[in-house]
Amino acid sequence: MKRAGRRQQSAPEPPRVSLADWAEQHGRIVVSVFVAVNVLLCLALFDPKLHTGGDSSSYVLLAESVMRFGDGYAQALWPGPAQAHTQYPPGYPLMLGPLVLVAGRNFVVLKMLSVLFCAASVFLFALFVRKRSAPRRWLYLAGAFAVNPLVVDYSRWMLSEAPFLLWTLLALRFFQDDEPDDMGRPFWFALLASVAAYYVRSIGVMLVAGASLAYMMRREWKKFLVHGVVSATLTLPWLIRNKVVGGASTPYVDQFLLRSVYDPEAGYLGFWGMVERFFTNVRIYSARELPRALVGSDSSWAATGLLKALAIAICVFLVVGFIRAVRRRVEAAEVYFALSCLAVLLFEEVVSDVRYLLPLIPLILVYAEEGLSTAVAFLRPAAERSRIPALALSVVAAVGLLAQMQRVPQNMDMLGRYVAGDRYADYAPNWRTFFESADWVRGNTPADAVVTVRKPRLFNLLADRRVLLYPFATDKDSVLATVFASDYVVVDQVSGTTFRYLVPALESQPTRFTQVFRSAEPSTWVLSVSR
């Protein structure tokens, strides 16, 4: 009977494995899913059209210049010989160059490079947080980053943000493996990746300087010396070249000090003006731009009080997490983050934009999560310490994902109209007529014509004509001096500066201009100039 009783006893059940445990054990599969989700979102919200800002046009034109051996790194925008370019470092145009050589000005093909950069950034961020964060919690961080609307937004444009994000994350990942008193491969790879980031965007100098300062603060003097000498040797050629060909090492210093790049006559800021700008930008980025980073640049959700409250809470926890990280050990990531935030907050508030947050989003998520974890560390039981940050990250990811899914139907409709032949699908009406004026100029003016226009780089790419930019000045004679050096002038409705500076000057001498093209409403005019 006893033996039979023993035989009837059921075997012990195998231990249950939670979903979080399974994901932790199969991290590669989960990260692959995150990358795939990011790519799907990028494709669902893809925009095949040209960005209306001038930066995208410049990168294409510069990529063409680096592929034409002999031209140098130059642009033939203005009348006369091509002028050496000194504003944007050559890293991104060099990456675009081979694609431009093969596909020409096929913007769809060129933009796929940004999709690739963003997908690779998702992978690198997952590696970064897996080593930095607590078990399981890194999965929530990686997931929140993979579906972040700002990352997806900048996969659609030919801009340097996506490659800069990639090189920054690559450098931060190598810095994690850089052991004290060891100048092995991680040290050198991190240094080279930092320099590469600098050659993609000038603000990458903050990453280079951040690493050197971190070594100095930790009193790793040999690394500090070697890193400083080698990084200076690799970065100074760009500054020296700019000084030789352009007279200034970088144009950004002047822009930092101007009150407004769109109103140079307003002059420069003093010390207290810069302090005031700092706090103004703190308010702008915490209450306006960070909400846009959480739900998308164009989402109406960003203006809601709930999103602003969420963004401000993230900023509070971010500060707590950053302080905690600095007290633990000063790494390159912390110094880079502090320097970059300082640069962004001291830049002109008139050009404050969510794009400057993209390379900082990885560390914003990391520090905010660490700050929240610190805040809940007093709770009991200990299990809650993990659940609350995980829940918060899930909320951030869900909000971003829902906001993007809301935009997918409209974007798919735009893609359908674009494929059907509408090249201007979903452009605002004033931009549509601006593009129509460029098409008219391309087909109806001499190849050597010169055009005065508010968006010179964009217009040059579209119309293939040399261009001039009228000065932002109320002095009519100085504006007319530029206009009379051209054959045509475009009166657009895409910028307020046109009616502030250009139109009053034209109206002062109306007999010198003849309308040769006028679009439908909202009208864009092309006027011929009688010299």
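**Stop one: Thr514**

Select Thr514: it counts as partly exposed because its relative accessibility is 43% (buried means under 20% relative accessible area, exposed over 50% and partly exposed in between, using a 1.4 Å probe and protein chains only). You'll find Thr514 in strand 6, residues 513–518. Helices (H or I, at least four residues) and strands (E, at least two) are DSSP runs, numbered from the N terminus.

Before going on, know that this is a predicted model, where local features need pLDDT of at least 70, side-chain atom pairs count only at pLDDT 80 or more, and totals for chains, interfaces and linings use all residues. Residues are numbered from 1 along each chain as its sequence is written, and side-chain values use heavy atoms, with hydrogens and water left out.

Thr514 and Leu527 sit 13 residues apart in sequence and 5.2 Å apart in space, C-alpha to C-alpha. Leaving aside neighbours within four places in sequence, Thr514 is in contact with Val526, Leu527 and Ser528 (contact means heavy atoms within 4.5 Å).

**Stop two: the largest core**

Which residues have the most contacts inside the largest nonpolar core? Select Phe145 and Phe459: they do, in a core of 117 residues. A nonpolar core is a set of buried Ala, Val, Leu, Ile, Met, Phe, Trp, Tyr and Cys residues joined through side-chain atoms within 4.5 Å. Helix 6 (residues 107–132) gives the most to this core, with 12 residues.

Zoom in on Phe145. Not counting residues up to four places away in sequence, its contacts include Phe125, Leu169 and Ile361.

**Stop three: helices 6 and 9**

Show helix 6 with helix 9 (residues 161–176): they pack at an angle of about 25°, with their axes 9 Å apart. Axes are lines fitted to C-alpha atoms, for helices over the stretch in contact, and angles run from 0 to 180 degrees between N-to-C directions. So helix 6 is roughly parallel to helix 9 (angles under 35 degrees count as roughly parallel).

**Last stop: helix 17**

Helix 7 (residues 137–146) packs against helix 17 (residues 361–375) at an angle of about 140°, with their axes 10 Å apart. Among the residues making the contact are Phe145 of helix 7 and Leu365 of helix 17.

Finish on Glu370, also in helix 17. Is Glu370 buried or exposed? Glu370 is buried, because its relative accessible area is 7%. Not counting residues up to four places away in sequence, Glu370 touches Arg132, Gly321, Arg324, Ala325 and Arg328.

Definitions and conventions:
Parallel < 35°, antiparallel > 145°, perpendicular 65-115°, else oblique.
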